[in-house]
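Trainee: I would like to learn how to read a strand residue and a sheet, so could we go through an example together?

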Amino acid sequence: LAKAGQYQRKLFVLDLDTYPKQTVRGKAIEVRVQPIVGDPDLYISIAEPPTEREYMWRSLQEGQDVILIHPDDPNYIFGAYFICVVCSSSRCEFELTTRMLKPITHNDDEIFIKAQKVMYLSIKSCIKGS
């Protein structure tokens, strides 16, 4: 649990180099901030700590913020990610979590075949009902 008492910015570093490569290779990075008090926002970069004007990824949702960095993203690296949590209120408390996820992949051919099957079953059902 991270508490950003009187300040409005808190910097964290997620360094993938500290993990065995086989445990992180090909996985997406999920960064999530759950507000307890206030409405914190997320900013992430790889070269240097992000600001509200210079960042690679950001999430400005009201309430919980989530950033998912897919391994196919051209900015994805096996290295350090600078995560900045920013809150506009003077009192801000939040929970920050990161985890590695198996990325969701979409096979367009498979989706097309499933859609055709659903359409076929719908038409067949309509014909039987007539």
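Mentor: Aspartate 65 belongs to strand β6, which spans residues 65–69; strands here are DSSP runs of E with at least two residues, numbered from the N terminus. The model is predicted, with local features needing pLDDT of at least 70 and side-chain atom pairs pLDDT 80 or more, while totals for chains, interfaces and linings use all residues. Residues are numbered from 1 along each chain as its sequence is written, and side-chain values use heavy atoms, leaving out hydrogens and water.

Trainee: Which side chain of opposite charge is nearest to aspartate 65?

Mentor: Lys and Arg count as positive and Asp and Glu as negative, with His and the chain ends not counted. Arginine 58 is the nearest, 9.1 Å away, and aspartate 65, although buried, has no salt bridge; buried means under 20% relative accessible area with a 1.4 Å probe, protein chains only, and a salt bridge needs a side-chain nitrogen of Lys or Arg within 4 Å of a carboxyl oxygen of Asp or Glu.

Trainee: Which residues is aspartate 65 in contact with?

Mentor: Contact means heavy atoms within 4.5 Å; beyond neighbours within four places in sequence, the partners include Val31, Arg32, Ser59 and Leu60.

Trainee: How should I read the open sheet of 4 strands?

Mentor: Strands of a sheet pair through backbone hydrogen bonds, either parallel or antiparallel. Here the order is β2-β7-β4-β5, with antiparallel pairing, where a pair requires at least two DSSP bridges. Strands β2 (9–15) and β5 (57–59) stand at the edges with a single partner strand each, so one side of each lacks a neighbour in the sheet. Between β2 and β7 (residues 80–86) there are 7 bridges, and arginine 9 has valine 86 as its bridge partner in β7.

Notes
Buried < 20%, exposed > 50% of the residue type's maximum accessible area, 1.4 Å probe, protein only.
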